[in-house]
Amino acid sequence: MPSIDHDGPVQLLENAPDLSPRLLRALGVKVPDYIEARISNIDFTQLVPTEYQADQVLTLWTGRKKPELGIINEVQRAPDPRKKYSWPLYNVAMRAKYECDVCLLVIALDEAVARWAREPIEGIQPGCHFVPLVMGRSRSPGCGRTRRRSGNRNWRCFRRWRTATPRGGFGGERSGGGGGTLGR
């Protein structure tokens, strides 16, 4: 709803494009030296939308009308510089869609990829950075006796993945397809 309280500051910022960078500097944000401040299009609508799809999304419900937590699961086989842009977008889009807290969980298939995925993603908001939660082979949960006795096949499968040899197979045995992937 238009109002003088809203539109007045917007008009001031439009009339003085250098004002926003000065305000950010006053807040302690390092603003790069620039040669021009341009008023740009305010519409973020994508007429031809770019497709962004996570590997798997889970919502945790507690009986309320909204989910309590959203979990975005991404399996990462190799570093991909584009993920440093899409992962934060997944988080924000899911948060807006479901109106709940969201976690991004990256399942890294080797330790080099896990180290890369754990690097903070800068540039989203000054003073803040986005850090994916990463589960690699060395940081995956163990399988205690209680879990083993429970017969939870998925948990056992995940534990076997954790101890799989890098070239394929589980705990020393070779898998038919190689490549270290888990069959369904």
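I took two strands to be paired if DSSP finds at least two bridges between them. Strands (E, at least two residues) and helices (H or I, at least four) are DSSP runs, numbered from the N terminus.

**Entry 1. Model and conventions**

I worked from a predicted model, in which local features need pLDDT of at least 70 and side-chain atom pairs count only at pLDDT 80 or more, while totals for chains, interfaces and linings use all residues. Residues are numbered from 1 along each chain as its sequence is written, and side-chain values use heavy atoms, with hydrogens and water left out.

**Entry 2. Overall composition**

I noted 6 helices and 6 strands in the protein chain. Their pattern along the sequence is α-α-β-β-α-β-α-β-β-β-α-α. Of the 184 residues, 24% count as buried (buried is under 20% relative accessible area, exposed over 50%, partly exposed in between; 1.4 Å probe, protein chains only).

**Entry 3. Strand S2 and its partners**

I looked up the pairing of strand S2 (residues 69–76). S2 is joined to strand S3 (residues 101–108) by 8 bridges, and these two run parallel. Ile72 is the residue opposite Leu104 in S3. Strand S1 (residues 56–60) runs antiparallel to S2, with 5 bridges between them.

I then followed the chain from S2 through helix H3 (residues 83–98) to S3, which together make a right-handed β-α-β unit. Right-handed here means that, with the strands pointing away from the viewer, the path from the first strand over the helix to the second runs clockwise.

**Entry 4. Asn73**

I examined Asn73, which belongs to strand S2 and is buried at a relative accessible area of 16%. Gln56 stands opposite Asn73, and the two side chains make a polar contact at 2.4 Å (a pair of N or O atoms within 3.5 Å; within protein, one must be able to donate a hydrogen and the other to accept it, and residues adjacent in sequence count only if both atoms are side-chain atoms). Beyond its neighbours within four places in sequence, Asn73 is in contact (heavy atoms within 4.5 Å) with Asp55, Gln56 and Leu105.

I located the largest nonpolar core, which has 16 residues; Ile72, Trp87, Leu104, Val106, Ala117 and Val134 have the most contacts inside it. H3, S3 and helix H4 (111–118) are the elements that give two or more residues to this core. Such a core is a set of buried Ala, Val, Leu, Ile, Met, Phe, Trp, Tyr and Cys residues joined through side-chain atoms within 4.5 Å.

Which residues of H4 are buried? I listed Val113, Ala114, Trp116 and Ala117. They span an arc of only 165° around the axis, which puts them on the same side of H4; the arc is taken from the directions from the helix axis to the C-beta atoms. The buried residues of H4 pack against S2, H3, S3 and S6. At the start of H4, a side-chain oxygen of Asp110 comes to within 3.0 Å of the backbone nitrogen of Ala112.

**Entry 5. Two loop residues**

I recorded Arg137 in the loop between strand S6 (133–135) and helix H5 (145–150). Arg137 is buried, with a relative accessible area of 15%. By contrast, Glu99, in the loop between H3 and S3, is exposed at 51%. Glu99 has a positive phi of about 55° although it is not a glycine.
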